[in-house]
Amino acid sequence: MPTLENIKDVWKKQEDCKYNFSKQEIFEMMHLKSSSAVKWILIISILEFILPNIFLLFFDYQGTVDFYNKYELTGIMGVYFVIHFIIILFFIYIFYTNYRRISAEQSVKELMENILRTRKTVKYYIYYNIAIAGVIGVHIFYKVFQSEIFLEQLPENTNMTLIWVMALLMFGFVLFLFWLVYRLIYGFLLRKLKLNYRELEKTE
Amino acid sequence: MYRLYFLNFVTNRLFLLLINKSTKGVTKDLEKKFVSDLEKHQNIIHKVCRTYTINEAAHKDLFQEITIQLWKAYPKFRGESKFSTWMYRVAFNTAISLYRKSKKNVDTGPIYDNLKELEYQDYNDEKDKQIDMLYKAIHKLNDIEKALALLYLEDKSYKEISKTLGISEINARVKMNRTKIKLKKILNP
């Protein structure tokens, strides 16, 4: 029966593992594809970079342009687009530099920190997307609700506050759903890593 | 339609740019040296695999992933540290953070079902039985404690342990003591 006093002796009795691999087997193994978690983090992160903006590609372009013209939004939307594009490039750059830092040769803690930092970039990117969607959304609501074209369609004595509240609630709910889906993926990817990191950091 | 083509092109390029760790310039000699180094020191990886997995299939799976990670990092290995130290680091990183466990093969959590462990072959020899019991006890530790236990059993210095894990020597000592107490409780309940 091993005890704390004799475990080192027991341990040293270990001989070669019964599944020792030959040179040929090792050679074959080293050229196989990795299925590491980092690879998944990369794939999912790239999807997350693309997905919040992918719907832009499928929008009815002419319809959108007409809509913007109708409510005098063309200029400001152009500005938003340029800013958004620059910020996306900035995020991708930061993500890429962080990703490159990940290496299996680092200390256990350093590697965990680098993986967490890489994921954090994506987290902030998602938050940024929710924020910018919120800002643009409210801006569009504001312009539309102020315009004559819109107001003409409303029955008299319409309570504008109620329209605002409903529009914001619905819009907020959509953004909340987006955030929720993201949090689930985030939790799923990093739960174990975070637990281990906390365990390593703990110093009481 | 052209938008889709464009999107496809951009994502493909990005993907290639990010994941393509090309092995250009890596000669056959390096491959040979790696294979022979690894074959010589494979016992280290087997110990890590047996610590972090509970059956043969998972053991082999993890060994494979560690081999891939070692080979990926090998061109950067400058021999500043001992080959075995470097191997430990990559092996622990793979087992703790990089390896994507398939649920049916591996359970590294602290809550552990003893029945699953029967999948490892039964040993008749008294010595093998003792070693098996020791591994079973180690399996009840969490991922970080497993690494500490293994480094302790391998007689590593606190300096080396602190470097491998990336924590201070004091913290390593504190954690080691706690791990030993836990292990003692598991071995002699």
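A salt bridge here is a side-chain nitrogen of Lys or Arg within 4 Å of a carboxyl oxygen of Asp or Glu. This is a predicted model, in which local features need pLDDT of at least 70, side-chain atom pairs count only at pLDDT 80 or more, and totals for chains, interfaces and linings use all residues. Residues are numbered from 1 along each chain as its sequence is written, chains are lettered from A in the order in which they are written, and side-chain values use heavy atoms, without hydrogens or water.

View 1. B:Lys60 and B:Glu56 meet in a salt bridge, 3.7 Å from N to O. Both lie in helix H3 (residues 56-73) of chain B, 4 residues apart, about one turn of the helix. Helices are DSSP runs of H or I, at least four residues, numbered from the N terminus. B:Lys60 is partly exposed at 34% relative accessibility. B:Glu56 is partly exposed too, at 25%. (Buried means under 20% relative accessible area, exposed over 50%, partly exposed in between, with a 1.4 Å probe and protein chains only.)

**View 2. A salt bridge between helices of chain A.** A:Glu201 pairs with A:Lys109, the closest N and O atoms being 3.5 Å apart. A:Glu201 lies in helix H8 and A:Lys109 in helix H6, so the pair ties together parts 92 residues apart in sequence. A:Glu201 is partly exposed at 39%; A:Lys109 is buried at 18%.

**View 3. A salt bridge between chains.** B:Asp155 forms a salt bridge with A:Lys12, with the closest N and O atoms 3.2 Å apart. B:Asp155 is partly exposed at 44%, whereas A:Lys12 is exposed at 51%.

Conventions: Helices (H or I, at least four residues) and strands (E, at least two) are DSSP runs, numbered from the N terminus.
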